[in-house]
Amino acid sequence: MELTHLNEHGEAAMVDISGKPASLRMAEAYAAVSMKASTLDMIMDGSAPKGDVLACARIAGIMAAKRTAELIPLCHPIALTHISVDFAPKRPDRLEIRTRAACTGSTGVEMEALTAASLAALTIYDMCKAVDRGMEVINIGLLKKSGGQSGDYEKR
């Protein structure tokens, strides 16, 4: 397999997408935060000392997706047409995060969806670390993607 982020001299290089046709690209990613049951209860009932954890994490995820190219070397800037960040408590001690990103462009939005999930999870950790130092960000991954030359993907 050829590594696309290396030039003919083995140096890091941004992939040239100028010849690729624009198409609808979509990606879904996930992450989870493991925590004490009492911390999950606090988040879900809105009683965290720092405020509305889910609202803050949602905004952080959206902002992160929009700035992915500034955070990930060699990642193309993308004009996102959609980004969503949703949460689902998994009792007794886990909060799952699911993100969806879309654009019409010449490259995919997997990194934007993954970045959104990661930063939403880290924001949850940041807002709750004073009450639960044992939290862990776990299971970051791509759920599915569509569009582009490489075709569709769905995690089994």
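Modeller: Setting aside its neighbours within four places in sequence, Ile-124 is in contact (heavy atoms within 4.5 Å) with Val-33, Met-35, Ile-43, Val-53, Ala-57, Phe-87, Leu-95, Ile-97 and Met-135. This is a predicted model, where local features need pLDDT of at least 70, side-chain atom pairs count only at pLDDT 80 or more, and totals for chains, interfaces and linings use all residues. Residues are numbered from 1 along each chain as its sequence is written, and side-chain values use heavy atoms, with hydrogens and water left out.

Colleague: How many residues are in the largest nonpolar core?

Modeller: The largest nonpolar core has 32 residues, and Ile-124 is among those with the most contacts inside it, as are Met-35, Ile-43, Phe-87, Leu-95 and Ile-97. Such a core is a set of buried Ala, Val, Leu, Ile, Met, Phe, Trp, Tyr and Cys residues joined through side-chain atoms within 4.5 Å. Buried means under 20% relative accessible area, exposed over 50%, and partly exposed in between (1.4 Å probe, protein chains only).

Colleague: Which elements supply at least two residues of this core?

Modeller: Strands S1 (23-34), S2 (82-90) and S3 (94-105) do, along with helices H1 (37-45), H2 (53-66) and H4 (110-128). H4 gives the largest share, nine residues. Helices (H or I, at least four residues) and strands (E, at least two) are DSSP runs, numbered from the N terminus.

Colleague: Switching to H2, which of its residues are buried?

Modeller: Val-53, Leu-54, Ala-57, Ala-60, Gly-61, Ala-64 and Ala-65 are buried in H2. They sit on the same side of H2, because they cover an arc of only 130° around the axis (taken from the directions from the helix axis to the C-beta atoms).

Colleague: And what do they pack against?

Modeller: The buried residues of H2 pack against H1, H3, S2, S3 and H4.

Colleague: Where is the cis peptide bond?

Modeller: The bond from Arg-91 to Pro-92 is cis, with omega near 15°. Pro-92 is placed in the loop between S2 and S3. Most peptide bonds are trans, and most residues other than glycine have a negative phi.

Colleague: What about phi at Leu-74 and Asn-139?

Modeller: Leu-74 is not a glycine, yet has a positive phi of about 70°. Leu-74 is in the loop between helix H3 (68-71) and S2, and is partly exposed at 30% relative accessibility. Asn-139 has a positive phi near 55° and lies in strand S4 (residues 136-146). Asn-139 is partly exposed too, with a relative accessible area of 48%.
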